[in-house]
Amino acid sequence: MVERRRLGNIVPHLVLWIGIAIVAFPVYLAFVASTYDATTIANGQMGLAPGPLFLENYYRAIFVGTSRSTREPVGTMMLNSFVMAMGIAVGKIAISILSAYAIVYFKFPFRMTAFWIIFITLMLPVEVRIYPTYKIVADLGLLDTYAGLIVPLIASATGTLLFRQFFMTIPDELVEASKIDGAGFFRFFKDTVLPLSITTMAALFVIQFIYGWNQYLWPLLITTKDSMQTIVIGIKKMIVTQDALTEWQLAMATAVLAMLPPVAVVILMQRLFVKGLVETEK
Amino acid sequence: MQKRAVFGSRIVPYALLAPQLAITLVFFYWPASQAVWQSFHLEDAFGLSTEFVGFENYVHLFSQPEYYRAMWTTLVFSTAVTVLSLSVALYLAVMADKQLRAAATYKTLLMWPYAVAPAVAGVLWLFMFQPSLGLVARGLRLWGLDWNPLLNGTHAMTLVVLAATWKQISYNFLFFLAGLQAIPKSLIEASAIDGAGPTRRFWTIIFPLLSPTTFFLIVVNVVYVFFDTFGIIDAVTGGGPAKATETLVYKVYSDGRLGGDLGGSAAQSVILMFIVIALTAIQFRYIERKVTY
Amino acid sequence: MASVTLESVRKVYAGNVEAVKGVSLDIADGSFCVLVGPSGCGKSTLLRMIAGLETITAGKIRIGDRIVNDIEPAERDIAMVFQNYALYPHMNVYDNMAYGLRNRGTPKPEIDKRVREAARILAIEPFLDRKPRQLSGGQRQRVAMGRAIVRKPQVFLFDEPLSNLDAKLRVQMRVEIKRLQRALGVTSVYVTHDQVEAMTLSDKLVVMNHGVIEQIGTPSDVYRRPQTRFVATFIGSPPMNIMEGIVEGPNLVSVGGSLLPVADMRADLKADTRIHVGIRPEDVRVVEDGGTAFRIDVDFIEELGATQLFHGKIAGDEFVLQAPTGLIAASARQLALTVDATNVHLFDRETGQRLGQVDP
């Protein structure tokens, strides 16, 4: 560094740790709340150190559920969220790698038309077409099904653009060498494109898993049964803003459980996460 | 755009494209065109008959003070979140950039809120600021502030802004840090030799070099506030109190669901579509420029 | 093994860009043919058409007795070495070489035998388990060669295979390629823009420019009797000197006032016709002034070690002379030169065609 003042170096560290503490505080508080009983929380007597009811509250949240607003245990909700997140991530990767392969490696009439049809979906987020989409899913009889949760969300331009961009970096000579080595489009895809795309697929997976797990508006609309609820919807339903009798300890345990999988994915697959984030936004 | 060496086949490329195109057409284009169609029609209360009404839904929309209010709310909300989260993130990123080795650790410790669902983030902040039992709310009351986001619109807006900002800092921090680390160290050293102090250096060298990142983040943040904060608003305030936190997107949702005004809701959707198209176009202008650099 | 025959082959790209304008060429079985020319001359396109990587707009390409115009690259029984090697980055060296054989359903023991044999010939046995990125440029080059060898093809195609290597390695690999080709006796077509590579490797040298063949011949043919001014200046380093000249009579021209006898000159050239006269830098001798000598004014000298280049001017045209170091005093300001009549080349000023006897 250009500066040599030794003391000057402590200030940035201090600032950063304060920043980290502020960012982490809401989550810490949620964790603390998830270890107390409802009365202590409701009376505002909760302290800053964890309470005694950690196991009991989490057991109740996961296996029993709240007594009032949602009767479904969080275990089921987590399973729903997991199925939805996996379905969206895997489905998106599968359909977008195929479409990108077609667009990059084949020459056919309406190739650019197909590309634009996919590309324009970037401009049609679910929020701008909520009710008509809802109606189609309802007409197809997909309300309260996993298919209804997943399928409408797996088509978007992001994945196709990402794979297209990656394919463009594969040297042309590799296709030519494959052709001379007797590989057709299928073998080239299986033996060369897929193995080379693993990092890109993993990066896309991380981003899409988080996207799927955190979905709110869509599952809110198309799930009516408690048994099909995702955990993010479940939390919201546990909290009745006007009602002092919200079971905050269970709501907070659920919040902690809802954060755990995506946060773990981000931290454990940090490198892929950053790659995915940077590349999907290009 | 395409490879020099390609495969020739009549059927295969269409088969490869079929799944994506089918889903796109059924769940994107059909509903979007439905929204456009509905925005020009009026449906009676029982949904039995529809009537073409031209631009009446739009005219009606723009005659409602609530619609202007939602626009204003959206503007305030997005400006507040963008400015707050960008400045906090930039400040932290500049601090972290100076710590060569520790920067990676700080990155890990600051980036995880990205993974928290907006609705969950909303619930976390709601809990802290819940008037009767929230830790922060009680603290504010001790200071003599009668904090109540359930009744006071400004308080509700503040809370929503805080939760949305909290979640967005991590994303902005990552991009700012990457932008800072991409600035050649020789430039900083050259300006130090030219006698510029740290503050002056930041404003005359670093900040201008960071401007493409900043511009990109502004667009991304505006898009984020428009669409991805739906969960936060629904979980924290439900658009209230008295529609004080009802953004354009939230209004589409509540008008269509609670009011049953499909034509009006559709007209709002169409306007939103134009906003997204405009934002995307701006984003692509930026990318184009980045490419030609 | 097989010969390769091209009959009026043309390639027109979209937008009416004609990359190859009717090329006919016979490449004998087992011979080493080098296509050389500046970038954009169509040599790579021609090679890629032989490989089947480009469609053929018109004309016929035969490999052996088969017309291969509509045959897939994999079925043409060829192997290709690419400029950037095009090794599969995710496969190790062994798999890179075995891939083509596996796709053909060659039995495993046979694949193993061939891969190991190729690895032995190319001295890459210690690297069989490594990935391409763990290899040096020269080693990657060998793997690319190995991938071609294991296939035991009828024809080897080389697309500037040495241009990504540093100068020293390039010379070394050049020798190895030649040796290998001799040993295996496989018909080879080799594309390069480097005329030294072209001269040293080829049995048959094909010089191309603007999509047409300028000359076909043995390296010494092409060097000694360039058929066009383009070939004369493209082959040889430093290039042949080209000067303005005037026909003085049968087998006699003048350059800057000095008379030069010419051995190979078209009989019907009229006196006073303006022509281009070409003389290679190494074909002149310094003489005592007088007689048929012509003079150059020396500007500066380039040292090449074994030889020296004297840069000067003759009647306004640039002239370079190459001589063994020490033969000419470095202090010389003016030199009187002479050249054998057989080493004077005449070219048409407009068409660039050689103005030699019709049937040499």
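Which residue in S19(C) does C:Arg295 stand opposite?

Modeller: This is a predicted model. C:Arg295 stands opposite C:Ala336 in S19(C). Start with the two strands involved. Strand S16 (residues 294-303) of chain C is joined to strand S19 (residues 334-339) of chain C by 4 bridges. The two strands run antiparallel.

Now step back to the sheet. It is an open sheet of 5 strands in chain C, in the order S15-S19-S16-S17-S18. The pairing is antiparallel. At the edges stand strand S15 (284-286) and strand S18 (317-324) of chain C. Each has a single partner strand, so one side of each has no neighbour in the sheet. On average, neighbouring strands of this sheet are turned by 45° against each other, direction ignored.

Chain C also has a helix pair to look at. Helix H2 (residues 93-103) and helix H3 (residues 108-121) of chain C have axes that come within 10 Å. The axes cross at roughly 135°. H2(C) and H3(C) are therefore oblique to each other. The crossing of H2(C) past H3(C) is right-handed. From H2(C), the residues that meet H3(C) are C:Tyr94, C:Met97, C:Ala98, C:Leu101 and C:Arg102. They meet C:Ile111, C:Arg114, C:Val115 and C:Ala118 in H3(C). By class, this contact has 7 nonpolar, no polar and 2 charged residues. Spacing along a helix matters for reading such a list. An α-helix has 3.6 residues a turn, so residues three or four places apart point the same way.

H2 of chain C turns up again where chain C touches chain A. There, 17 residues of chain C are in contact with 14 residues of chain A. Strand S6 (78-81) and H2 of chain C are the elements that give two or more residues to chain C's side. That side divides into 12 nonpolar, 4 polar and 1 charged.

Chain A touches chain B too. Here 83 residues of chain A are in contact with 81 residues of chain B. Helix H1 (residues 10-33) of chain A gives the most to chain A's side, with 12 residues. By class, that side has 61 nonpolar, 12 polar and 10 charged residues.

One last stop in chain A is helix H7 (residues 146-154). Of its 9 residues, 7 are buried, so H7 of chain A is largely enclosed by the rest of the structure. Among the buried residues are A:Gly148, A:Leu149 and A:Pro152. Their cover includes helix H4 (74-105), helix H6 (130-139) and helix H12 (217-222) of chain A, together with helix H1 (12-39) of chain B.

Notes:
Residues are numbered from 1 along each chain as its sequence is written. Chains are lettered from A and ligands numbered from 1 in the order in which they are written. This is a predicted model: local features need pLDDT of at least 70, side-chain atom pairs count only at pLDDT 80 or more; totals for chains, interfaces and linings use all residues. Axes are lines fitted to C-alpha atoms, for helices over the stretch in contact, and angles run from 0 to 180 degrees between N-to-C directions. Angles under 35 degrees count as roughly parallel, over 145 as roughly antiparallel, 65 to 115 as roughly perpendicular and the rest as oblique. A crossing is left-handed if the near helix is turned anticlockwise from the far one by less than a right angle, and right-handed if clockwise. Two residues are in contact if their C-beta atoms, placed from the backbone, lie within 7 Å. Ala, Val, Leu, Ile, Met, Phe, Trp, Tyr, Cys and Pro count as nonpolar, Asp, Glu, Lys and Arg as charged, and the others, Gly among them, as polar. A residue is buried if 20 or more other C-beta atoms lie within 10 Å of its own, exposed if 12 or fewer, and partly exposed in between; C-beta atoms are placed from the backbone. Two strands pair if DSSP finds at least two bridges between them.
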